[in-house]
Amino acid sequence: MESKKEFFLECYKLGIIKFGRFTLKSGIESPFYVDLRPLSSDPKILKHLANYLLDMLPLDNFDLICGVPYAAMPMATAMSLESYIPLIIKRKEAKTYGTKKVIEGIYKKGQNCLLVEDVITSGASLLETIPEIENEGITVSDVVVVLDRQQGGKEILEKKGFRVHTLFTISEVCKMLREEEHLTDDEVGRINDFLAGNTVKFNEEKRISYEQKLKICDHSVAQKILETAIEKKSNLIVSADVTSTAELLALAEKVGPHIVALKTHIDILLDFDADETILPLKDLATKYNFLLMEDRKFADIGNTQEMQFAYGIFKISQWADLVTAQVIAGYDSLDCFRNVGVVAILGMSSKGTLTNEDYRDEATKIALSHPNVFGGVCQNKIPNELLLFTPGINLADSADGKGQQYNTPEHAFSQLETDFIIVGRGIYKADDAEQAALSYKIAGWQAYEQSL
Ligand code: 5BU
């Protein structure tokens, strides 16, 4: 291959960089304009480009390759052909068709994907794309970029832990063009002045703390669970999906010191008895200072829910501090949950769930406006005014073979800014449930602190 400089000058001939005065999408006036799409129309250059990019990379690390749409897609394709690393395709338009797949192609969860981008400026489009890929269970650790406009994007991504490999920087390009007298000293000076004044600083918005949430979430149950979290340094909820009272109480005794709430599916108990089950459970809740969360997922009209909540053998209204409810029956259906806090189901963790973006948006509007609702269960970020509860957490597994999909506590806090993690089998199926609860508690708290 020719030298990198010779290669760049070949590329330059295709008109990929123009100098003058250009108004960018952001409204800022820039002394140069970059568009690398012409590179894909020259097969020889595209092939060379693919090899230059591949040469910079630890190729053994990657199971997949994906280009950020659209400009980088042919580049990623060329790299795939040259390296035999399989290509996957990221859809750009997936957002408008909620249920459509975001990623096309053949891939498995847990595979590591190299992301290819043509130009990096502030890093914003990569930061949007990466979570969409990671949501499919694919890991992204490295990004390869053809041209770095040196406006802070590379540093922002690196601070977030991604490795960013860039073939050219704009300063390097200007130097080569100056040497070949395509640019004057004056022009280079103007470009440098522009770059000095237009770097996006690393000023990421941080999640808000439990203390700050106490000030904006005024429901009494929100206050109680936040105070408990701060006091116990825990954001862990154990899902006690066991089928006998003895197992339930034994589990509560073991995990009680480490949790903010114990989540029940009270209707799976084979031997439920108000006196034998609920009274000792309430005593343990008082002894260890945790709340009782009944994961009933009410999903009916108000009148029926009212009866399901207060009557029958479980009489949930008499002992639960918080309950989960679907919002599918509309705003008024939630009026009956007067003496508890409601956590609305906004999005589910299972494969193929129908809770797409449109559903979540509408459900979130109801949750935000209803005074009985103080939180939501979701696998996506939700507004700060609601507390976020995230199930589907497991340090060891990525799925259960029955549709459940798992993430780590770290993912839930860094990507979703969750408030509480819900762990079931990761704890009650462990050989030592107490030790497992302690490990999840520590992992959850560390992940929370790191996200601050
Ligand atoms: P697991 O054993 O950690 O997979 O249990 C998860 C619990 O959370 C279980 O009780 C589910 O009913 C509950 N859950 C969930 O897994 N995913 C969801 O989207 C919702 C609830 Br909503």
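Trainee: Which residues do ring pairs link into a cluster?

Mentor: This is a predicted model, numbered from 1 along each chain as its sequence is written; local features need pLDDT of at least 70, side-chain atom pairs count only at pLDDT 80 or more, and totals for chains, interfaces and linings use all residues. Side-chain values use heavy atoms, leaving out hydrogens and water. Rings of Phe, Tyr and Trp (its six-membered ring) pair if their centres lie within 6.5 Å. Linked this way are Y210, F374, F389, F413, F420, W445 and Y448.

Trainee: How are the rings of F22 and Y33 arranged as an aromatic pair?

Mentor: A search of the whole structure finds 16 aromatic pairs. In this one, the centres are 5.6 Å apart and the planes make 35°. Planes under 30 degrees apart count as stacked, over 60 as edge-to-face and the rest as tilted. So 35° falls between those limits, and the pair is tilted.

Trainee: How many residues apart in sequence are F22 and Y33?

Mentor: Strands are DSSP runs (E, at least two residues), numbered from the N terminus. F22 lies in strand β1 (residues 17-23) and Y33 in strand β2 (residues 29-34). The pair therefore ties together parts separated by 11 residues.

Trainee: Where does Y33 fall, buried, exposed or partly exposed?

Mentor: Buried means under 20% relative accessible area, exposed over 50%, with partly exposed in between (1.4 Å probe, protein chains only). Y33 has 35% relative accessibility, so this residue counts as partly exposed.

Trainee: How far apart are the closest N and O atoms of E179 and K5?

Mentor: A salt bridge is a side-chain nitrogen of Lys or Arg within 4 Å of a carboxyl oxygen of Asp or Glu. The count comes to 23 salt bridges by this rule. E179 and K5 form one, with a closest N to O distance of 2.7 Å.

Trainee: How many residues separate E179 and K5?

Mentor: Helices are DSSP runs too (H or I, at least four residues). E179 is in helix α6 (residues 170-179), and K5 is in helix α1 (residues 4-12). The pair links distant parts of the chain, and the separation is 174 residues.

Trainee: Which helix holds E306, the partner of R338?

Mentor: The side chains of R338 and E306 meet in a salt bridge at 3.9 Å, N to O. R338 is in the loop between β12 (322-325) and β13 (341-345). E306 sits 32 residues away, in helix α12.
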